Amino acid sequence: MKTRFDKEIEFVVDDREVRSGVLELLKGVADVSVTVCRLAQGDYLIDNRLLVERKRLADLVISIKDGRLFSQALRLLATEQQPMMILE
């Protein structure tokens with residue numbers, strides 16, 4: 001998948017997401033480079049422009065119960081990147 005600038009799309013994947021299955025899918029996509037490291041915010045950083053937080057249903061419920069969801073959303077909004085939350 002080429003960007004409009006004809007370069008690789010760069011994904012940084014948080015190391016806590018390696019067992020999600022998404023990392024393996026990304027590695028199989030042409031023109032995508034993948035780096036795994038610990039992100040301070042979010043689960044995926046795309047081209048240093050889009051910061052994605054991925055929530056599965058169980059994680060979403062726990063995040064709401066323990067009050068983490070809204071503080072996490074506020075921290076995402078405070079980043080330089082465009083934030084996005086994906087609910088699975």
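Helix α2 (residues 57–65) lies across β4 and β5, running at about 90° to β4. Helices (H or I, at least four residues) and strands (E, at least two) are DSSP runs numbered from the N terminus, and angles, from 0 to 180 degrees, are taken between the N-to-C directions of axes, which are lines fitted to C-alpha atoms, for helices over the stretch in contact. The model is a predicted one, in which local features need pLDDT of at least 70 and side-chain atom pairs count only at pLDDT 80 or more, while totals for chains, interfaces and linings use all residues. Residues are numbered from 1 along each chain as its sequence is written, and side-chain values use heavy atoms, with hydrogens and water left out.

Strands of a sheet pair through backbone hydrogen bonds, either parallel or antiparallel. Here, 5 strands make up an open sheet with mixed pairing, in the order β2-β1-β3-β4-β5; two strands count as paired if DSSP finds at least two bridges between them. At the edges stand β2 (32–37) and β5, each pairing on one side only. On average, neighbouring strands of this sheet are turned by 20° against each other, direction ignored.

Strand β4 (residues 50–55) has β3 (residues 44–46) as an antiparallel partner, joined to it by 3 bridges. In this pair, I46 stands opposite L50. The β3 and β4 hairpin has 3 residues between its strands, and D47 takes a positive phi near 50°. With β5 (residues 82–87), β4 runs parallel, and 6 bridges join the two. L50 stands opposite Q82 of β5, and E53 has M85 as its bridge partner there.

Within α3, the residues L69, Q72 and L76 are buried. Seen down the axis of α3, its buried residues fall within an arc of 70°, so they line one face of the helix; the arc is that of the directions from the helix axis to the C-beta atoms. The cover over these buried residues includes β4, α2 and β5. On the face of α3 turned away from its buried side sit the exposed residues F70, L74 and L77.

Technical notes
Contact = heavy atoms within 4.5 Å. Buried < 20%, exposed > 50% of the residue type's maximum accessible area, 1.4 Å probe, protein only.
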